[in-house]
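Here's a quick briefing to read with the structure open beside you. Have a look at it, then work through the points by topic.

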Amino acid sequence: MMQVLQFSGFPEKGVEDEAILQALKPGSSSRNQGGTFMGYPQTTPHAVAIEAYLSYMEYNTNHVGVFTNSNRQLTASQKMESEVIAMLGDLYGLNEADGYITSGGTEGNILGVWIARNYFSAQKNTVALMQSCLTHESIQKAVDLTMISHVEEIALEDCHFRMDTRRLEEAIDNLISHQIYHAIIIATAGYTLTGTSDDIREINEIVIKFNKQYGFQGWIHIDAAIGGMVLPFREQENTRWFECEHVMSMTVDPHKMGYIPYSAGVFMGRKNVLSWIERNNQFSKTHVSNTLIGSRNGAAAAACWAMFQHLGYSGYKGILDDLISKKEYLLGKLLQKHIAEVISNPETNMCCLSFNSFSNCLLPGRLEQKYATRAFSIQYRGSVINCYKLYIMPHISYATLDMLYEDIMEALAESSLKPSKSEVKPQHEKVISPM
Ligand SMILES: *Cc1c(COP(=O)(O)O)cnc(C)c1O
């Protein structure tokens, strides 16, 4: 009989590795919920990435500083990290990129805001931060940490779920009338809830205009945690973001759409932007510390490097095209029967739907659970509605989409048999609404 490992404080004595290995078996239920997990951009990592990760687990050489601007002799994983940044720079129109592999999108966003705040503070000026109501909450963490007190939420364009650039102009105008000439503007490429993106070129034009007129300075930080590994493979001309001169830094998450094991995010910026947070390293005379976290593994670098080399542009595009075909297949079925309304359907492998054939547009709890998706409330065409986001990731098969469709049809048939109850609006997360 195998010993069952129990938890009761720090173990007094160790147990055989066999018992440990037995206890470690995750079981099928924890692996993307048996293939029906759809609510988040999460999937089983690619086998090549897992292999690369495992091979480099024991080499923790990517510690202090960044390697993109290093003239030191680099170790294999340091060299891979620096090449990963260069490959991504190529994708986003930045020839000379500085950056490093982070613990994820949150770190990259905190870093972007921190660097920009220091850059502006050095000029002894008040700095504002502009975002929209759909901006990821990691920006709120960054604002909290950097103690930026002037935050403006720019309203969305109705139905398009992107920053209304006319409102942005008004907000900057207003800043200037209050003698604030510096702002960090968070532009999102692929909002988590709707998949939509801000118009980065237009935002850049606005910064140029106010700069010429009033000497206003804007630091555009792009949160492409999701879109960074998706949009370049569908609309490459639009995603050479660094061709916009005021785009200074960005975040992308290879652990989401890059099929890399957690944790692997990337922070990228123009040459030397990291110098704004740089400090001397206590235990090294030759290295400076210019990253947010200290000790980093070499495994994430190896996994990203191996994956980019293995799939290449055409490989990533091929997977994405396939995922989008699957999404269109599902949408076709749902729309034909008028089961749902499409709230947003971006050029990505996700969509946002409101199941308006159900009471209050809410799916039964068992379906939410099975497909791991939760309702959220959003302002749409003048009213607040409930909707769901669905991410079609590589573990989702056509059979799973058929199953989802059948489950929905069955639930609809059931709900029409029940006597109709008076509608009760359930509790929700914060309503996402243009102000
Ligand atoms: C997921 C996400 C983040 C945060 O990334 P983590 O890797 O979870 O820290 C930031 N921005 C957007 C748009 C995201 O979707």
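This is a predicted model: local features need pLDDT of at least 70, side-chain atom pairs count only at pLDDT 80 or more; totals for chains, interfaces and linings use all residues.

A search of the whole structure turns up 15 aromatic pairs and 16 salt bridges, and a few of each are picked out below.

**Helix α10**

- Start with α10, which covers residues 299-336 and has 38 residues.
- Its end C-alpha atoms are only 46 Å apart, whereas a straight helix would reach 56 Å at 1.5 Å a residue.
- Look at glycine 312 too: α10 has a kink of about 80° centred there.
- After α10 comes histidine 338, with a positive phi near 55°.

**Aromatic rings**

- Among the 15 aromatic pairs, tyrosine 56 and tyrosine 59 sit edge-to-face, with 5.6 Å from centre to centre and 65° between the planes.
- Both of these count as partly exposed: tyrosine 56 has a relative accessible area of 22%, and tyrosine 59 comes in at 41%.
- Phenylalanine 233 and tyrosine 316 make a stacked pair, because their planes are at 15° and their ring centres are 5.4 Å apart.
- That pair ties together parts 83 residues apart in sequence, because phenylalanine 233 is in the loop between β5 (217-224) and β6 (247-252) while tyrosine 316 is in helix α10.
- Phenylalanine 233 and tyrosine 316 are both buried.
- The two also belong to one aromatic cluster, made up of Phe233, Tyr259, Phe308, Tyr313 and Tyr316.

**Salt bridges**

- One of the 16 salt bridges joins the side chains of lysine 271 and aspartate 98, at 2.8 Å from N to O.
- Lysine 271 lies in the loop between β7 (265-270) and β8 (279-280) and aspartate 98 in strand β1 (residues 97-102), so this bridge links parts 173 residues apart in sequence.
- Buried or exposed, where does aspartate 98 fall? At 1% relative accessibility, aspartate 98 counts as buried, while lysine 271 is partly exposed at 31%.
- Aspartate 164 and arginine 166 also meet through their side chains, at 3.3 Å from N to O.
- Here aspartate 164 is buried, with a relative accessible area of 6%, but arginine 166 is exposed at 57%.
- Aspartate 407 and lysine 370 form another salt bridge, at 2.8 Å from N to O.
- Aspartate 407 is buried, with a relative accessible area of 15%, and lysine 370 is partly exposed at 30%.
- There's a network as well, in which salt bridges link Arg234, Lys317, Asp321 and Glu347.

**Nonpolar surface patch**

- Which residues make the nonpolar surface patch of about 420 Å²? Leu5, Val15, Ile20, Leu21 and Leu24 do.
- Leucine 5 sits in the segment before α1 (17-24).
- With a relative accessible area of 35%, leucine 5 is partly exposed; residues of a patch need over 30%, so leucine 5 passes that cut-off.

Conventions:
Residues are numbered from 1 along each chain as its sequence is written. Side-chain values use heavy atoms; hydrogens and water are left out. Helices (H or I, at least four residues) and strands (E, at least two) are DSSP runs, numbered from the N terminus. The expected span of a helix is 1.5 Å times one less than its number of residues. The bend at a residue is the angle between axes fitted to the seven residues ending there and the seven starting there. Patches are made of residues with over 30% relative accessible area and no salt bridge: like charges are joined within 9 Å, nonpolar side chains (Val, Leu, Ile, Met, Phe, Trp, Tyr) within 5 Å. Accessible areas come from the Shrake-Rupley method with a 1.4 Å probe; for residues, only the protein chains shown count as cover. A salt bridge is a side-chain nitrogen of Lys or Arg within 4 Å of a carboxyl oxygen of Asp or Glu. Buried means under 20% relative accessible area, exposed over 50%, partly exposed in between (1.4 Å probe, protein chains only). Rings of Phe, Tyr and Trp (its six-membered ring) pair if their centres lie within 6.5 Å; planes under 30 degrees apart count as stacked, over 60 as edge-to-face and the rest as tilted.
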